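Please look through the model shown below, and keep it in view while reading the report that follows.

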Amino acid sequence: MLNIKPSSTAWIECVLADFDSFLLDHASAEKKASGMAINMISHYPDKPFLVQRMAELAIEELNHFKEVIKLIHERNLQLAADEKDVYVNAMLAHIRNGKEVYLIDRLLIAGIVEARGYERFGLIAEHLPEKETELKAFYQMITRSEERHAEQFIELAERYAEQVDVNKRLAELITYESEIIDSLPIRPALH
């Protein structure tokens, strides 16, 4: 797994203190992840392997969205309008121009975002109260899924890189991600 900076204990404490707000944000993140995969299909129809992987990802993320909606409704909550994801937008600001570098940066950033999801969903699964067996199991499942997605994005970047040193660029983007995480306020949200 990618070597990203660990989240603070203050983050997990904030999430557990306002889990309802976290669930609403989690639903939004899953919906956006599915949309991102569809967007990649639209932009890269000439890459059949990428199209296939993104189609699978879009469906999986939409299924996660459906599962989170179920949790939201069980708590008598209602979905809210999506908010801009400052973290993701800050990461996307580091995408370079140029056909190949743009694609590779998008894939690597998606891999880092999924790695952050892996790390944070894992913290949730670990820190939820033992009595929340179903919720813990759900977040354990999501954690494994995020790990697989992160690896898939990095593999796709390696597959399509011709002129880009993927490891060097990945290290640069991980450094940016750490700075972004440090600059953001702690709130009951995935990012």
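## Helix 7 and its neighbours

The buried residues of helix 7 pack against helix 4 (86-92), helix 5 (99-127) and helix 6 (133-160), where contact means heavy atoms within 4.5 Å. Helices here are DSSP runs (H or I, at least four residues), numbered from the N terminus, and buried means under 20% relative accessible area, with exposed over 50% and partly exposed in between (1.4 Å probe, protein chains only). This is a predicted model, in which local features need pLDDT of at least 70 and side-chain atom pairs count only at pLDDT 80 or more, while totals for chains, interfaces and linings use all residues. Residues are numbered from 1 along each chain as its sequence is written, and side-chain values use heavy atoms, with hydrogens and water left out.

Among the buried residues of helix 7 are Val 166, Arg 169, Leu 170, Leu 173, Ile 174 and Glu 177. An α-helix has 3.6 residues a turn, so residues three or four places apart point the same way. The 18 residues of helix 7 (residues 166-183) should span 26 Å at 1.5 Å a residue, and this agrees with its end C-alpha atoms, which are 26 Å apart; the expected span is 1.5 Å times one less than the number of residues.

## Aromatic pairs

Seven aromatic pairs are found in a search of the whole structure; rings of Phe, Tyr and Trp (its six-membered ring) pair if their centres lie within 6.5 Å, and planes under 30 degrees apart count as stacked, over 60 as edge-to-face and the rest as tilted. One of the pairs is edge-to-face and joins Trp 11 and Phe 22, at 6.3 Å centre to centre and 80 degrees between the planes. Because Trp 11 lies in helix 1 (residues 9-17) and Phe 22 in helix 2 (residues 19-43), this pair ties together parts that are 11 residues apart in sequence. Both Trp 11 and Phe 22 are buried.

## Salt bridges

The structure holds 12 salt bridges, each being a side-chain nitrogen of Lys or Arg within 4 Å of a carboxyl oxygen of Asp or Glu. In one of them, the side chains of Lys 5 and Asp 182 meet at 2.7 Å, N to O. This pair links distant parts of the chain, with Lys 5 in the segment before helix 1 and Asp 182 in helix 7, 177 residues apart.

Another salt bridge joins Arg 116 and Glu 177, whose closest N and O atoms are 2.8 Å apart. Arg 116 lies in helix 5 and Glu 177 in helix 7, 61 residues apart, and both residues are buried.

Terms used
Helix = DSSP H or I, 4+ residues; strand = E, 2+ residues; numbered from the N terminus.
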